[in-house]
Amino acid sequence: MTDHMTQGASRRDVAYLGGGCFWCIEAMLRELSGVLDLAPGYAGGIRPDPTYEEVCTGRTGHAEIVRVGFDPDILPYADLLRIFFTLHDPTTPDRQGADVGTQYRSVIFCANAEQERAARAVRDEIAASGLWPDPIVTEIRPLERFYEAEPYHHDYFAKHPERGYCVAVISPKVAKVRRLFHDRLALARR
């Protein structure tokens with residue numbers, strides 16, 4: 001299920017990450033060098049082809065996640081996961097800040113056994129580091145199916161930076177990426 005595709009001199013791999021609102025995760029990861037493409041979506045639930053409204057009820061079992069296409073030669077999977085664990089709070093079950101519900105859980109959906117091993121190793125490394133004082137509750141599980149979100153969710157922050165949620169919640173998270181990972185930012189943003 002891993003997507004290795006040649007794009008000129010680049011390799012492409014795919015990660016599936018959920019850490020709260022997918023608008024936030026997408027906006028933060030967009031800043032990183034080695035990220036090739038991003039798509040918000042849903043995974044982990046029981047309802048086929050869910051809509052945003054259905055997922056928001058918390059009754060579908062799906063989490064809001066982001067499909068991250070990345071070049072592993074520039075941004076290795078383990079490094080992407082280390083950044084992911086730093087950018088959201090992996091210790092709060094079914095919650096990120098004011099966003100509450102199973103759809104906002106911390107989760108890594110793995111495309112293969114290699115990703116699952118790496119995810120567990122990085123999770124354990126972060127837990128041992130003391131970065132988070134509480135236990136990490138991030139789910140690590142195989143990806144069964146990814147459902148891409150409706151088009152209006154794609155690049156939401158870039159299209160609507162003036163909206164209240166974007167100003168109050170997403171902008172500070174993007175600033176955190178720029179502050180903590182300055183050396184990993186896409187060249188255009190340095």
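How many salt bridges does the structure hold? I looked this up before anything else, keeping in mind that the model is predicted, and I found that the structure holds 14 salt bridges.

Entry on Glu148 and Arg67. I noted that Glu148 forms a salt bridge with Arg67, with the closest N and O atoms 3.5 Å apart. Glu148 belongs to strand β9 (residues 147–148) and Arg67 to strand β4 (residues 63–70), so this pair ties together parts that are 81 residues apart in sequence. I then checked accessibility, and Glu148 is partly exposed at 44%, while Arg67 is partly exposed at 22%.

Entry on Arg82 and Glu125. Here I found a salt bridge whose closest N and O atoms are 2.7 Å apart. Arg82 sits in helix α3 (residues 77–87) and Glu125 in helix α4 (residues 113–129), and the pair links distant parts of the chain, 43 residues apart. I also saw that Arg82 and Glu125 are linked with Asp79 and Arg184 in a network of salt bridges.

Entry on Arg120 and Glu116. I recorded a salt bridge between these residues, the closest N and O atoms being 3.0 Å apart. Both lie in helix α4, and because they are four residues apart, about one helical turn separates them. Arg120 is partly exposed at 31% relative accessibility, and Glu116 is partly exposed at 24%.

Entry on Glu26. Is Glu26 buried or exposed? I found Glu26 in helix α1 (residues 22–29), and with a relative accessible area of 2% Glu26 is buried. Leaving aside residues up to four places away in sequence, I listed what Glu26 touches, including Leu38, Val66, His153 and Tyr156.

Terms used: Residues are numbered from 1 along each chain as its sequence is written. This is a predicted model: local features need pLDDT of at least 70, side-chain atom pairs count only at pLDDT 80 or more; totals for chains, interfaces and linings use all residues. Side-chain values use heavy atoms; hydrogens and water are left out. Helices (H or I, at least four residues) and strands (E, at least two) are DSSP runs, numbered from the N terminus. Buried means under 20% relative accessible area, exposed over 50%, partly exposed in between (1.4 Å probe, protein chains only). Contact means heavy atoms within 4.5 Å. A salt bridge is a side-chain nitrogen of Lys or Arg within 4 Å of a carboxyl oxygen of Asp or Glu.
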